[in-house]
Amino acid sequence: MLADYHVHCSCSADCDTPPEAQVQAALACGLDELCFTDHVDMANRAGVIGPPVFDWTENRRIHLELQEKYGHRLALPLGAELGVAHLDLDMANRYLDAVPEIDFVIASQHHVSPRCGGIDLWDYTFPAGKTETMLADYFDDLLTVARWGRFSVMGHLTLPIRYLLRNGLPRPDLTPYRDQIDTLLKCLAESGLGLECNTSKGSGLMLPDGSILHRYRELGGEIITLGSDAHTPEAVGAGIREARELLRECGFRYVCTFRERKPAFHKL
């Protein structure tokens, strides 16, 4: 089973790729399943809280058309990437109650904490001496979302690393946050919630890395999905095969897909 469970298209504000182009890319690279997980965030890039601006009617129309055209060749479950839910859990609850039935929800955190400016990591300048505070708050915010629990998997758990490296800064030592990460992983495992292994568009940067994946497995975590975070056709499915090997090395026997928010387990 080759499945990419983190893919964006022009239904996301940060992506211009037509959905059909992503489907064709999935077929070209031999995927069995492709799950669209376009962004629905509880705040804009500046950190201003408000309901997501997302056209579910158009999204569903496109999805049904793709299923009719390609469903005999490629499974196309529908998902969403729900961002910064912790900023207003009541609003997140109301939002999820109102959206159409979807198969899969990634919980993600793209923003720094309010005391670090509250903005999207894409725009964050990583001021000197503030990385430790930013990371500590980041894992605390993820724990709030994990305890809330209205999602399928937690996405790219160590996402700040991607942006630190992109800004020419060293990869951080996560040892000081080990207890925070352990508490987070235990919460996921004990609540029957999953973890994503994000391939960062096949760049070789796995988020989280093998040490955290292995620890999640040690703590009883079994639900895991693979996602490329593709915003272009070239990235669809990128790194998925390598990530499967990494999961085996970390002690996983299965990878998951989802239907109606319920996981299905497939042997690696």
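This is a predicted model: local features need pLDDT of at least 70, side-chain atom pairs count only at pLDDT 80 or more; totals for chains, interfaces and linings use all residues.
Close-up 1. Residues are numbered from 1 along each chain as its sequence is written, and side-chain values use heavy atoms, leaving out hydrogens and water. The side chains of E20 and K69 form a salt bridge (2.6 Å, N to O), that is, a side-chain nitrogen of Lys or Arg within 4 Å of a carboxyl oxygen of Asp or Glu.

**Close-up 2. R61 and E65 in helix α2.** Here a salt bridge joins the side chains of R61 and E65 (2.6 Å, N to O). The two sit four residues apart in helix α2, so about one helical turn separates them (helices are DSSP runs of H or I, at least four residues, and strands are runs of E, at least two, numbered from the N terminus). R61 is partly exposed at 37%, and E65 is partly exposed at 44%.

**Close-up 3. R150 and D97.** Their side chains meet in a salt bridge (3.1 Å, N to O). R150 lies in the loop between α4 and β5 and D97 in helix α3, so the pair ties together parts 53 residues apart in sequence. D97 counts as exposed, at 58%, while R150 is partly exposed, at 28%.

Note on methods. Buried means under 20% relative accessible area, exposed over 50%, partly exposed in between (1.4 Å probe, protein chains only).
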